[in-house]
Every structure is written in structure tokens, then in C-alpha cells.
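Take a moment to look over the sequence and the model. Then follow the text from ring to ring and from charge to charge.

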Amino acid sequence: VATQRHLKSAPVKEALIDIQFEQPVAIELIQEFASSIADRYPDNSDIWQSMVGIDLGAVEHKSHSSIDQLGKRLSSEKHPFVAQVRKNGFTLSRLQPYIDWGDLRAEAKLLWDKFVEQSHVESVQRVAVRYINEIKLPLPINDFRDYLTCPPEVPTALPQAINGFMTRVVIPASDDPNELAIVTQASETVVADQASIVVVLDIDVFRTWSIPASGDLIWACLDTLRDKKNSMFFEHLQEKTVEMYE
């Protein structure tokens, strides 16, 4: 297992903070918020939700569909931030190049405080920290155990070669039953030079509870979730893997 430490070249493809509301927000308020930060997030597009239903009670089955604007997707100009503001949630993503937690946290808090002020959101029901890592491993790989602490396994009676894999586990993040983590590992693609393969390590740590939308409690919780995400990241990797990103 790798020792936990700061990595200068962390393999983060995308890091995000996600907050979900208890009461939905009107689309008009989301549009007003998007306009108010247009100087900082000039690129925006609509997020739509479509629904299709079938009436099975009729003599002839009838289908019906509807489409509804769910929110806005906003992209920053100078920094690789993407915000998704929906009727039921707020997400801020930091794309590559990733800097550090403080960079993501500060931007999310700035936007969130402004959004709460304008939309009058009173409480939230779920907060999450999610990091999607792309780990480049050199080929050939004789045993994924050389790089991963929880590698894919094949029954011993079967051929031991692995052409691809994906595992997903949901585990407690603490003694609190409302605090969970979803960890996904997957082989993604062989790099063009055929000398390495990309393995995705996706860690989503979240807590469901009802807390005020304003104030410091959300951010204290997110800081704790981020620490637990860090611990899970290093627990899933061998020391020789982490050394490649120092």
C-alpha cells in the first residue's frame, strides 16, 4: 500500500464538488444566476431532461413524451472549470490541469454563496466529493497486483490473461451509515504508443443529511470527505504506482 502524501503530478482527470437541494429551484432563478456570472463563465448551454411514458391500461398502448429544461451548463474562460446548475443540484468540476483541493474548493464556495443568495436555497440533502483519476501503467503487465492493491481476479482454472476489466464497490466511508463511497476501477484504453495502458480510479465519497445551505457546515463536511477520498486513493495503489506521479 502506498504512503499518503502530496503528489506534484496527481493523475486527476476531473475533480468535482456536488451539492443536492431538498427543494427544487425554478429554472428562471438558474437563468438569472447564469447571467450574473457571465463575465466569469461566458460559455453556457441548456441541460434538458426528456421523459417517455407508455399507457399500458389502454386498449391500444399509447406513448407520450415530454422535455423539460433541467438547468444550465456553464464553462469558465480563463480556468478549466465547468459548473452544472440544475433544479435539484449544483456541481462544479475542475478539469485538467488539476491544481489542488484549495483551488477547487475556493471556486465552488464563491459560486455557491452567490447562488444561495440569489436562489434562496435553504437546505441541502447530499454533499459529495468525486475524483476521477487516469493512471498510466507501463506494458507489459504480468500482474496488476504490482500496481493495484485490489486488482481484477480470474478463477485459477481459467486463463489468467486479462484484456479488460471494471469493478465497482460501495463501501462505508465512516461509522455513519449516511456516509458512503463508490469506488470504480476500470481499464480504459491502450495508449497510442502501445507502451502503456490507462486505468481509471474513480472515487466518489458522499454524505446524505439535511443541513443549511448557507454557513460553514457544508464546507467542513466537504473537507472531511476529501480527506477520506485521499485515504482511499492511496489504499488502492501500490508504492511503485504512486512514485510515477511524484
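Rings of Phe, Tyr and Trp (its six-membered ring) pair if their centres lie within 6.5 Å; planes under 30 degrees apart count as stacked, over 60 as edge-to-face and the rest as tilted. Keep in mind that this is a predicted model: local features need pLDDT of at least 70, side-chain atom pairs count only at pLDDT 80 or more, and totals for chains, interfaces and linings use all residues. Residues are numbered from 1 along each chain as its sequence is written, and side-chain values use heavy atoms, with hydrogens and water left out.

Start with the rings. The structure holds nine aromatic pairs. In one of them, the ring centres of Phe21 and Phe115 are 5.7 Å apart and the planes meet at 25 degrees, so this pair is stacked. Phe21 belongs to strand 1 and Phe115 to helix 2, so the pair links distant parts of the chain, 94 residues apart. Helices (H or I, at least four residues) and strands (E, at least two) are DSSP runs, numbered from the N terminus. Phe115 also pairs with Trp112; this pair is tilted, with 6.0 Å from centre to centre and 40 degrees between the planes. Both residues lie in helix 2, three residues apart, about one turn of the helix. An α-helix has 3.6 residues a turn, so residues three or four places apart point the same way.

Buried means under 20% relative accessible area, exposed over 50%, and partly exposed in between (1.4 Å probe, protein chains only). Trp112 is buried too, at 0% relative accessibility. Ring pairs join Phe21, Phe33, Phe90, Trp112 and Phe115 into a cluster.

Now turn to the charges. Side chains of opposite charge can pair when their charged atoms come close. A salt bridge is a side-chain nitrogen of Lys or Arg within 4 Å of a carboxyl oxygen of Asp or Glu. The structure holds 19 salt bridges. One of them joins Glu134 and Lys13 (3.4 Å, N to O). Glu134 lies in strand 6 (residues 123-138) and Lys13 in strand 1 (residues 12-21), so the pair ties together parts that are 121 residues apart in sequence. Glu134 is partly exposed at 22% relative accessibility, and Lys13 is partly exposed at 38%.

Another salt bridge joins Asp18 and Arg126 (3.4 Å, N to O). A charge sits over a ring if NZ of Lys or CZ of Arg is within 6 Å of the ring centre and within 35 degrees of the ring normal. The charged end of Lys229 sits over the ring of Tyr131, 3.7 Å from its centre. Lys229 is among the buried residues of helix 3.

Finish with the backbone. The peptide bond from Gln96 to Pro97 is cis, with omega near 0 degrees. Pro97 sits in the loop between strand 5 (89-95) and helix 2 (101-119). Leu139 and Pro140 are also joined by a cis peptide bond. Which residue other than glycine has a positive phi? His120 does, with phi near 65 degrees. His120 is found in the loop between helix 2 and strand 6, and is exposed, with a relative accessible area of 60%.
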